[in-house]
Amino acid sequence: MKIDTLIINGKVFNTFNQTFESKDVAINEGKFVRVDTDLGYDAKNIVDAKGKYLIPGLIDSHMHIESSMTGPANFGKMAVKFGTTTVIADAHEIANVAGLQGLKNFMSQRSVIDTFYAIPSSVPSTRTDMETTGGVIGLSEVSELLKDKRIICLGEAMNFKGIVDEPESLIRQIIRLCQNKRPTMPLEGHCPKYTGEDLAKFVASGITSDHTFQAPKTMLERISNGMYIQLQKKSLSKENMETIVKNNLYEYTGFVTDDVMADDLVNGHLNLIVKEAIKLGLPVEKAIYMSTYTPARRMSLNDRGAITPGRIADLIMLSDLNEFEIDRVFKSGISTEELPSRRSDFPKYLQNTVHARKFSEADLILISSKSKVTANVMVVNEHGTFTEHEKVELNVIDDKVDWQSAGLSLLVVQERYGKNGNVSFGLVKNTLNKSGAVGTTWAHDHHNLMVMGTDLKSMLEVQHQLIDQQGGYIVAENGKITANTPLNVGGIISSEPVEILADKLKEVRKAMNRLGYVNFNEIMSFSTLSLLVSPELKISDVGMFNVKTQEKIPLFD
């Protein structure tokens with residue numbers, strides 16, 4: 001028999017007994033055809049592994065390509081270098097900006113890795129009366145997407161109140177439609193901090209996964225309720241790894257990236273999660289299993305996730321097992337160095353999505369006829385993306401609320417799709433402590449124009465430039481722009497190569513740090529101040545809301 005590639009002298013990971021075996025691997029027409037010793041096939045290409053370890057390609061079962069602020073083509077080109085060969089992308093960011101058509105344009109872009117998609121279940125993340133989005137994914141759009149074979153799951157359902165308390169909410173109707181049309185399709189969830197009866201109601205809707213922050217107690221409770229746990233970076237801890245090992249939870253857990261910024265993507269992808277889990281005490285064989293086979297099985301991708309006959313020939317050659325040091329990657333039997341390049345093209349309408357008026361200084365002044373006001377303030381944590389709700393008493397001088405003297409930052413969200421012209425205000429604690437501003441059109445999940453600052457001149461500079469360049473991430477210091485990452489596609493994606501985008505994002509981070517912003521991920525922390533499904537107090541163009549109750553919270557009591 002003549003085959004395409006024969007890899008000899010490798011230590012092959014046997015997924016089904018989770019051990020390494022000294023065997024050869026035969027590949028033909030993109031699939032494994034045999035794994036055994038002393039294979040005598042006539043091969044076009046013979047690769048001597050020289051004792052290196054061969055494992056399946058990594059599978060990321062929950063991620064958002066747009067979080068890297070790039071498109072599928074540029075993302076895949078970078079991710080495959082780090083061993084990621086399959087992703088399941090929930091592209092609800094581009095859907096929030098441009099609806100079903102924008103999602104279709106996004107999905108049509110080819111990549112060197114296999115990209116499957118989730119139905120964006122939360123566009124908007126809550127309700128149209130709570131946030132304005134460029135597009136809406138309703139029942140008719142879901143019905144159309146269910147016909148697409150690239151769609152393999154329902155994307156993270158986030159509207160907790162709609163799921164547990166409102167049987168006729170849009171998200172509940174979407175869930176029922178998916179259950180009727182595709183009864184075995186996985187339904188993905190987002191349920192941070194919810195336990196007990198709240199969790200039981202959430203699971204009872206049919207949702208069977210959670211990728212939000214986990215601790216041993218929450219992880220055990222979710223698994224005992226039948227959920228599959230997707231562990232991202234913020235859930236990696238020694239205690240969590242010990243819990244997995246002690247309770248033998250390998251079948252019910254896997255690793256995901258969720259959100260990886262471009263300046264992190266240039267250094268690694270899912271491989272970094274796997275490496276960290278190993279360092280925290282997870283046996284390396286189990287870490288491989290949880291990043292290859294369990295995600296494949298979760299998503300019913302039965303043609304991959306193991307080096308065995310008949311499966312797609314995605315594999316990684318490791319030179320150091322415990323350090324998870326990648327020597328070479330093969331996608332469908334082809335070495336990554338030989339993979340064809342893919343174009344990163346988007347239609348012109350996606351490059352003209354910011355339709356908002358430019359502010360004047362008068363637009364940003366908070367007025368009150370009282371001598372003092374009690375403000376409802378969003379308090380930012382140094383770790384994670386949750387906020388807390390705090391009341392702060394502020395003086396009013398000449399009818400102007402003096403928020404600066406209290407060490408607060410002013411936050412403005414402006415509807416940018418040209419639908420209603422909404423503008424809302426918030427006050428934020430623990431962000432900027434120097435004169436400046438940061439702004440973006442990459443504001444989870446509605447992606448309206450959002451600017452936060454300590455001085456009005458800097459805020460105006462940022463807001464005007466965001467409109468002029470049709471989106472991006474911008475920082476101004478003392479009234480002058482010092483860092484700028486243009487995002488010319490939908491205000492959330494750059495068409496530039498990831499390496500160039502990464503350098504620009506690094507400058508944004510540095511500028512935010514100079515202004516005093518402290519968080520393990522400054523960009524994500526700021527961008528999620530507008531995420532109405534992430535506790536506790538968040539903001540949209542409509543106003544501030546208590547995330548759990550969805551009650552609108554006034555700026556001043």
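1. Keep in mind that the model is predicted. Over residues 385-550 the chain is 33% strand and 22% helix. The end C-alpha atoms of this stretch are 18 Å apart.

2. A pair of helices. Helix α10 covers residues 270-279, and helix α11 covers residues 284-298. Their axes come within 9 Å. They cross at roughly 150 degrees. Angles over 145 degrees count as roughly antiparallel, so α10 is roughly antiparallel to α11. The crossing of the two is right-handed.

3. What touches what. From α10, the contact uses Leu 270, Val 274 and Ile 278. From α11, Val 284, Ala 287 and Ser 291 take part. Sorted by class, the contact of α10 with α11 has 5 nonpolar residues and 1 polar residue. No charged residues are in it.

4. Ser 534, its place. Look for Ser 534 in the loop between α14 (522-527) and β26 (537-539). Is Ser 534 buried or exposed? Its relative accessibility is 4%. Buried means under 20%, so Ser 534 counts as buried.

5. Ser 534, its contacts. Set aside the neighbours within four places in sequence. Ser 534 is then in contact with Thr 385, Phe 386 and Val 547.

6. Ser 534 and Lys 201. In sequence, these two are 333 residues apart. In space, they are 18 Å apart, C-alpha to C-alpha.

Methods:
Residues numbered from 1 in each chain as written. Predicted model: local features only at pLDDT ≥ 70, side-chain atom pairs only at ≥ 80, totals over all residues. Heavy atoms only, no water. Helix = DSSP H or I, 4+ residues; strand = E, 2+ residues; numbered from the N terminus. Axes fitted to C-alpha atoms, helices over the stretch in contact; angles between N-to-C directions. Parallel < 35°, antiparallel > 145°, perpendicular 65-115°, else oblique. Left-handed = near helix turned anticlockwise from the far one by under 90°. Contact = heavy atoms within 4.5 Å. Nonpolar A, V, L, I, M, F, W, Y, C, P; charged D, E, K, R; others polar. Buried < 20%, exposed > 50% of the residue type's maximum accessible area, 1.4 Å probe, protein only.
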